[in-house]
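Please find below some notes on the contact between two chains, written as numbered points.

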Amino acid sequence: MSIEVNPLERRYRQNFRSNIGGHLIGAILFLCAGVTVVTTVGIVAILLIEGLSFFTEVSAFEFFTGTKWTPLFTSKGFGVLPLVSGTLLIGIGAALVALPLGTLTAIYLSEYASSRVRSILKPSVEVLSGIPTVVYGYFALTFITPFIKDYIWPDAGPYMAMSAIIVVGIMIVPIIASISDDALRAVPKELREAAYGVGANRLEVTTRVVFPGALSGIVASYILAISRAIGETMAVTVAAGARPNLTANPFEAVQTMTAYIVSVSLGDTPHGTIEFKTIFAVGLTLFFMTLVMNLISARITRRFREVYD
Amino acid sequence: MSDLSGSSRTDIKSQSSMFKTSLALRHFRGRVFYGVCLAGSLVGILLLIVLMNDIRQDGFEYFSRHFFTNYPSRKPEIAGFRGAIMGTLWVMTIVAATAFPIGVGAALYLEEYAKKNRLTSLIQTNISNLAGVPSIVFGILGLQLFVRGTIGYGPAICIGESCGFGRSVMSGALTLTLLILPVVIVASQEAIKSVPPSIREASYGVGATRWQTVSSHVLPQAMPGIMTGMILALSRAIGETAPIIMIGALTFVAFSPETPLDPFTAMPIQVLNWVSRPQAEFHDLAATGIVVLLITLLTMNTLAVVLRIKLGRESAR
């Protein structure tokens, strides 16, 4: 919101010296906003500089198509696919958990819940996203994994993708529920009333009128949530294990890109070595995956939003 | 002609019978859908209750005075959380002291000073993109920029022998500041936007400059909203683990930091350290640490809600 400068101030402004303090303050505030731009430039520069220096030693072809990720061993393999598959296994698995739950929660909140129920349920769901992710990791490791071993998959080891999938899925439910709820509520009452008027019941109104009307917002929330799941670090580090593993079996241990970066920084790999530079190459891959998803999500929200008046 | 009307009559008959059966079916489907939606929205809450119960069961065995006064140890009976608590206090103080002025300054620039041009919309887009960058990537940034004082190319920023801030409280705090800055800026912008324009106009009307208007009218009015956003952002920073692991917060620290350039640990890091050990005793210690962490977060969130309700009432008066 910009306020038109009043004539009195404008006259003062014409005399620069009388308003030098004002200019100084404006410049300082601009620098504050500039910090965010510098942050982005810094991230991209660091990932590109160190990442590209990695790719002078390891070919990009080997990196993106290799199936053996053993940079810290004596027989080195620099194929990132096992880490990508681990990340995708958890990302897709978490989506399978969170998409139905988040969508149902959003529909319940916007179409069924009374305002009283809503005022309790919505904050309670949002608590799920406020819990530190290391706490989810603890819960997955000490509760969900033993539960799965006892009742579902007795062969499993102490680490498995499945329990990480469940907690990461639960963690991203509030993102979907909250954004989709907003999208559903933005569909005007008149559309619902028209549908009720021709005899549709609440299920039909919801699934054939309201849901399609809010689809762009809902899809945007899905992509944002999956992007968050891919970038999630601590729960997968604690629960999913530390073994790069090209598998689609959720009951095996896997390592994600984020968990690999953490494992290198926890170890004592010396700075400047090719082993250490892997974290920048992996970080660069991760950064671009999430960036592309976030941009698609933002574009869907802007481009396909149904504008109701 | 008669043939046609006859056939249409049977049509209506068959249709009406179709409607009768399908009405019951539609009601049934409607009720099932309601049940599924309700159940789906309760799954998350249910899991939250199970999680809290799990932590409550394991988290009080070591919950004693010693837990707050001792440093971590190989013996679980005497291990404590003091280093982590002090480390988190140090880091959060610096985060608050840097994120607040920069965040509010940036929000003021965007809302009150910036012209509506491409640069402004670029900054705005950049802020929302930054909010979606995984926290571990901020950790990589902090590791290079603050720990080593370089971006990997060209000279490093060195004072004497040491370059950057090293693996210190300062590096951790600045990394977290950059991480929560988008949240602080957006929350502050919302608060500043909600200050009615009439207040600004009245101030300009009596001849105040832009800064006088902003500092003595807009900011005080927006402060409750800004503080709420700030507290919520800080409570996110307290739970963040990945970025400060990256900058190398040590997981075994038997001392409290005394200057901002000392190495440190933090509450979530200590919890991670205990979780990653195989022995069950250390898992219980982790649960105890989680109890302390969650109580801290709960207190901060309650404070934010109280602040919003109380100050919201005052400004409505």
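This is a predicted model: local features need pLDDT of at least 70, side-chain atom pairs count only at pLDDT 80 or more; totals for chains, interfaces and linings use all residues.

1. Residues are numbered from 1 along each chain as its sequence is written, chains are lettered from A and ligands numbered from 1 in the order in which they are written, and side-chain values use heavy atoms, with hydrogens and water left out.

2. In chain B, 83 residues are in contact with 74 residues of chain A (heavy atoms within 4.5 Å). The area buried between chain B and chain A is about 7,000 Å², with 77% given by carbon and sulfur atoms; buried area is the accessible area (1.4 Å probe) that two parts lose on being put together, summed over both. On the side of chain B, R26(B), F33(B) and I140(B) lose the most area to chain A, together 8% of what that side buries.

3. One salt bridge is counted between chain B and chain A (a side-chain nitrogen of Lys or Arg within 4 Å of a carboxyl oxygen of Asp or Glu). The side chains of E204(A) and R26(B) meet in a salt bridge, at 2.7 Å from N to O. Helix α1 of chain B (residues 2–58; helices are DSSP runs of H or I, at least four residues) supplies 23 residues, the largest share of the side that touches chain A.

Notes. Helices (H or I, at least four residues) and strands (E, at least two) are DSSP runs, numbered from the N terminus.
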